[in-house]
Every structure is written in structure tokens, then in C-alpha cells.
Amino acid sequence: MGAIADAMTAYAQPLIDETDGSPEKMQMALTTAMACWNIGTLPEDERQAAIDSFADSLGLDESARRGLHDDVLVPMIRRYDEMFGQAFQSRGPRRSDWKSTLELGWDSNLEAKPPKDQAPKPGRYDPCPCNSGKKYKFCCERASRAR
Ligand SMILES: [Zn+2]
């Protein structure tokens, strides 16, 4: 077996342990583990749709579906992050940095920030470089001190 297959088997182990060992249940455990693995490789904001479509594909009723979601899918996706998150993000920011970026609410905050250190600092009573029409002192200078 290759490294990926070994990793997949290790990943699926908790689900396999819960089966009675019948080929049918084992197959289901592996299918579910594989789906969670694939969902784990997705960016955070695409995961929910993938979880929903996997749950839909099983044709479960509402309560079975909720149970699967809470007891299997969510913990297994978290397990994916714990086992492999580091490896797949090794070219990005370190995981701790990545997490703090997420906690800052990056999609709401980052784009609103004015560029830093690009222009020379304006005088405090000059019009603000953000084109708000206010004096710098009462606009972005205040904002930059508040940060
Ligand atoms: Zn401004």
C-alpha cells in the first residue's frame, strides 16, 4: 500500500472500529471517511456545501442526517485538519498564523484597511488620502492610532 492509502486507513480507523466488520458497513465507513477527507481538503467556506451534498446523496431522513452530520462528518473533518492540516498547508502561512488570521475575521477587515507605508505621511490638517473629504487628523490618522 502507498503512503496515501496508509494515511487513509489510519484516518478512517475510528469509523471502521464502529462497524460490525461486515463488508457492507466497512464499505460505508470507508466511503464516509473518503468524503470527509475530500471535504477536509476544501477551503473552509466551501465545506458546508460539500457536507450538505454528501448528506443529500445518502438519502437519509432529517434526524439521521443531523446525527451523521454532528457525530460523524464534523468530527471526521476536524480529524482531517488535525492529522493533515499541517502537511497540506506547509506552503502557506504556519498553522498558528493562519488560525489567528481567521480569528481576526480576515474577509471583513483586511480589504477595508488603507495601504500602509505607500505614501509619505500627510500633514494632520491636510485632506485625508483616503478621499473621504475629511482632514487626515479626524479620519485615517485616528483610525491608525486606534489599531
Ligand atoms: Zn481617511
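Which arrangement do the four donor atoms around the zinc ion make, and what angles do they subtend? I put this at the head of the page and come back to it below, after the overall layout.

**Ground rules.** I am working with a predicted model, in which local features need pLDDT of at least 70 and side-chain atom pairs count only at pLDDT 80 or more, while totals for chains, interfaces and linings use all residues. Residues are numbered from 1 along each chain as its sequence is written, and side-chain values use heavy atoms, with hydrogens and water left out.

**Overall layout.** I looked up the secondary structure and found seven helices and zero strands, in the order α-α-α-α-α-α-α along the sequence; helices (H or I, at least four residues) and strands (E, at least two) are DSSP runs, numbered from the N terminus. For burial I noted that 24% of the 147 residues count as buried, where buried means under 20% relative accessible area, exposed over 50%, and partly exposed in between (1.4 Å probe, protein chains only). The accessible surface of the chain is about 10,600 Å², with 54% of it belonging to carbon and sulfur atoms; these areas come from the Shrake-Rupley method with a 1.4 Å probe, and for residues only the protein chains shown count as cover. Among contacts with a separation of 6 or more, 39% join residues 24 or more positions apart, a contact being heavy atoms within 4.5 Å.

**Nonpolar core.** I then turned to the largest nonpolar core, which has 22 residues, and in which Tyr 11, Ala 33, Trp 37 and Met 76 have the most contacts; such a core is a set of buried Ala, Val, Leu, Ile, Met, Phe, Trp, Tyr and Cys residues joined through side-chain atoms within 4.5 Å. At least two residues of this core come from each of H1 (3-17), H2 (23-40), H3 (44-57) and H4 (62-88), and H4 gives the most, with seven. I followed Trp 37 in particular: setting aside neighbours within four places in sequence, Trp 37 is in contact with Ile 4, Ala 7, Met 8, Tyr 11, Tyr 80 and Phe 84.

I checked Gln 27, which is found in helix H2 and is partly exposed at 49% relative accessible area; its C-alpha is 9.0 Å from that of Ile 16, 11 residues away in sequence. Thr 31 is also placed in helix H2 and is partly exposed at 35%, and between the C-alpha atoms of Thr 31 and Ala 12, 19 residues apart in sequence, I read 9.2 Å.

**Zinc site.** The protein donors of the zinc ion are the SG atoms of Cys 128, Cys 130, Cys 139 and Cys 140, at 2.2 to 2.3 Å from the ion; donors are N, O and S atoms within 2.8 Å of the metal (3.2 Å for Na, K and Ca), and water is not among the atoms, so sites may look incomplete. As for my opening question, the angles subtended are 105 to 115°, which makes the arrangement tetrahedral, a term that for four donors requires all angles to lie between 85 and 135 degrees. The spacing of the donor residues in sequence is C-x1-C-x8-C-C. Cys 128 and Cys 139 both lie in the loop between H6 (106-109) and H7 (140-146), so the pair ties together parts that are 11 residues apart in sequence. Cys 128 is buried, as is Cys 139 at 14% relative accessibility, whereas Cys 130 is partly exposed at 38%.

**Further checks.** I searched the whole structure for disulfides and found zero, counting as a disulfide a pair of cysteine sulfur atoms within 2.5 Å. Last, I noted Asn 131, which lies in the loop between H6 and H7, is exposed at 71% relative accessible area, and has a positive phi of about 65° although it is not a glycine.

Key. Four donors count as tetrahedral if all angles lie between 85 and 135 degrees; four count as square planar and six as octahedral if opposite donors are over 155 degrees apart and all others between 65 and 115; anything else is irregular.
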